[in-house]
Amino acid sequence: MLRLGIELVLKHGADCRDPLPQPHPWYVLIELSSQQRSGLRQVLEEILAEGLERGLIVDATIAESLDQVKMFWRIRELFGEVQRYEGGSIKHDISVPVAAVPAFIKEANAAVMQLIPGARPLPFGHLGDGNIHYNVTQPVGADKAQFLARWDEVNNAVFSVVAKYGGSISAEHGIGVLKRDLLPKVKDPVALDLMRMLKRALDPKGILNPGKVL
């Protein structure tokens, strides 16, 4: 989670407070679960201790109650919602190989800000599988309609970086309608033919989820 997202949640989200005493560029939310009732805290403390020792972690805190757990998750869950209070937001749901996440974010940020100076990239997502909700919030004080009118331009800039790293233009939320016409540009033709064959076999009358890819 990017610090900008934390700040927007603190600014617009109710019942949230800064999770750590000092601000930091990036935050990671980790939740451990097990059928066993004991031992998880020790495991997490060992993970954090090694991270601190290796210089991968600057600071950390562990939830001490269910309410604190809920607050940590509320911060993360509000990331998408609070962006609307800042004006227009051009959203992407992409994925790249996990090892490429830092490089992708750096290059995508540069591409977007070159296209629209003052734009505020707000990437957040799932560290373990390379899925990034790469959202771009309009510059402060910009015209919302004019910003959103450049949706396709921003998409093209971001998707070109995705392609460079062998990623996917769609991850958690699927192709849907918005990305339907983009699919032939990025999908192998053989794979597309197979998808169409499956669609015809399972839904010959086209009555299941009409208008979508599958």
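Reader: What should I know about the model and its numbering before we start?

Author: The model is predicted, so local features need pLDDT of at least 70 and side-chain atom pairs count only at pLDDT 80 or more, while totals for chains, interfaces and linings use all residues. Residues are numbered from 1 along each chain as its sequence is written, and side-chain values use heavy atoms, with hydrogens and water left out.

Reader: OK, which residues of α5 are buried?

Author: They are V101, F104, I105, A108, N109 and V112, where buried means under 20% relative accessible area, exposed means over 50%, and partly exposed lies in between (1.4 Å probe, protein chains only). Seen down the axis of α5, these buried residues fall within an arc of 125 degrees, so they line one face of the helix; the arc is that of the directions from the helix axis to the C-beta atoms. Helices (H or I, at least four residues) and strands (E, at least two) are DSSP runs, numbered from the N terminus.

Reader: And what is on the other side of α5?

Author: On that side P102, K106 and Q114 are exposed.

Reader: What covers the buried face, then?

Author: The cover of the buried residues of α5 includes β2 (93–95), β3 (120–126), β4 (131–137) and α7 (151–164), with contact taken as heavy atoms within 4.5 Å.

Reader: Now α3, which residues are buried there?

Author: In α3 the buried residues are Q68, M71, F72, I75 and R76. Viewed down the axis of α3, they fall within an arc of 140 degrees, so they line one face of the helix, whereas L66, D67, K70 and E77 on the other side are exposed.

Reader: Switching topic, how many salt bridges are there?

Author: The structure holds 12 salt bridges, each being a side-chain nitrogen of Lys or Arg within 4 Å of a carboxyl oxygen of Asp or Glu.

Reader: Which residue does R41 pair with?

Author: R41 forms a salt bridge with E64, and their closest N and O atoms are 2.9 Å apart. R41 lies in helix α2 and E64 in the loop between α2 and α3, so the pair ties together parts that are 23 residues apart in sequence.

Reader: Is E64 buried or exposed?

Author: E64 counts as exposed, at 57% relative accessibility, while R41 is partly exposed, with a relative accessible area of 40%.

Reader: Where do R3 and E7 lie?

Author: Both lie in helix α1, 4 residues apart, which is about one turn of the helix, and the closest N and O atoms of their salt bridge are 3.4 Å apart.
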